[in-house]
Amino acid sequence: MAHFKVENLSISFGGIKAVNNISFEVEPNTIFSIIGPNGSGKTTIFNMISGIYKPNEGGIFLEGENLVGKRPDKIARKGIARTFQNIQLFGNATVMDNLMLGRHIHMNTGILSGAFMWGRRSRAAQEEIRHREIIEHIIDFLDLQALRDVFVSNLPYGKRKLVELGRALALEPKVLLLDEPSAGMNTEEKDDLRIWIKDIQEDYKVTILLIEHDMNMVMGISDRILAINQGLKIIEGTPREVQKNPDVIAAYLGEED
């Protein structure tokens with residue numbers, strides 16, 4: 001199980017510090033949520049973790065290895081997968097094809113040409129069978145069986161979010177970054193998602209970092225929560241500790257009310 005740590009992370013855009021000296025540590029196989037008002041730096045932290053932005057200062061450590069400076073694809077190979085606020089799927093491909101794309105970092109592309117050789121299963125065929133078995137498990141897990149051959153562009157928004165979650169799981173991550181996973185979902189879909197996130201934690205033994213505006217979900221499933229505002233840490237603690245903090249109420253929870 002993956003130990004994940006961020007130390008003294010800072011980044012500036014045009015002279016403004018978007019994230020200012022943020023540190024936190026996530027215990028393996030726990031759910032760690034980051035909350036804060038819009039523009040507080042939450043997604044910027046995710047962008048630094050996944051290699052889209054390079055921090056001006058600080059370190060990002062997975063199992064003791066500093067990931068700062070590595071390309072996004074290298075970070076994915078190390079075991080960090082991500083979903084986005086704005087869905088990043090291929091609309092003109094089926095659910096199955098989108099999920100299979102999540103396996104790309106595990107594929108030995110040099111041998112994926114031709115599934116059969118001299119009437120026997122080649123290594124490529126055996127590899128593809130293994131990838132498909134993993135995807136089939138995800139399809140069953142997320143209850144997507146009826147949608148496997150449907151083009152993603154024809155799916156309702158909530159189902160697209162699930163497919164994106166499935167594609168992230170297909171990477172077999174050690175750490176899963178979920179950026180506003182319930183955005184655009186109705187109440188029933190949010191309730192289902194909440195169960196799936198807990199099931200991912202338990203069944204896949206994945207460490208989960210969550211950015212989420214739905215406070216009922218955050219307080220209900222998080223082991224620990226980091227609250228930030230204007231790039232600065234307000235408090236880190238248990239859901240109960242964060243919920244009672246007056247600065248959090250003023251900066252964020254009060255905003256929702």
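Predicted model: local features only at pLDDT ≥ 70, side-chain atom pairs only at ≥ 80, totals over all residues.
**Start with the whole chain.** Colour by secondary structure and you'll see nine helices and 12 strands. Of the 257 residues, 49% are buried. As for contacts with a separation of 6 or more, 67% are between residues 24 or more positions apart.

**Next, select 157-170 and 187-203.** These are helix 5 and helix 6, packed at an angle of about 10° with their axes 11 Å apart. Because angles under 35 degrees count as roughly parallel, helix 5 is roughly parallel to helix 6. Now show side chains: helix 5 brings Gly158, Leu162, Leu165 and Leu169 to the contact, and helix 6 brings Glu189, Leu193, Trp196 and Ile200. Sorted by class, that contact has six nonpolar residues, one polar and one charged.

**Now go for the rings.** The model has three aromatic pairs. Pick Phe13 and Tyr53, which sit edge-to-face, 5.2 Å centre to centre and with 65° between the planes. Phe13 is in strand 1 (residues 4-13), while Tyr53 is in the loop between helix 1 (42-49) and strand 4 (57-62), so this pair ties together parts 40 residues apart in sequence. Phe13 is partly exposed, at 38% relative accessibility, and Tyr53 is partly exposed too, at 30%.

**Last stop: Phe24 and Phe32.** Their ring centres are 4.8 Å apart and their planes are at 20°, so this pair is stacked. Hide the surface for this one, as both Phe24 and Phe32 are buried.

How values were computed. Residues numbered from 1 in each chain as written. Heavy atoms only, no water. Axes fitted to C-alpha atoms, helices over the stretch in contact; angles between N-to-C directions. Helix = DSSP H or I, 4+ residues; strand = E, 2+ residues; numbered from the N terminus. Parallel < 35°, antiparallel > 145°, perpendicular 65-115°, else oblique. Contact = heavy atoms within 4.5 Å. Nonpolar A, V, L, I, M, F, W, Y, C, P; charged D, E, K, R; others polar. Buried < 20%, exposed > 50% of the residue type's maximum accessible area, 1.4 Å probe, protein only. Phe/Tyr/Trp six-rings, centres within 6.5 Å; stacked < 30°, edge-to-face > 60°.
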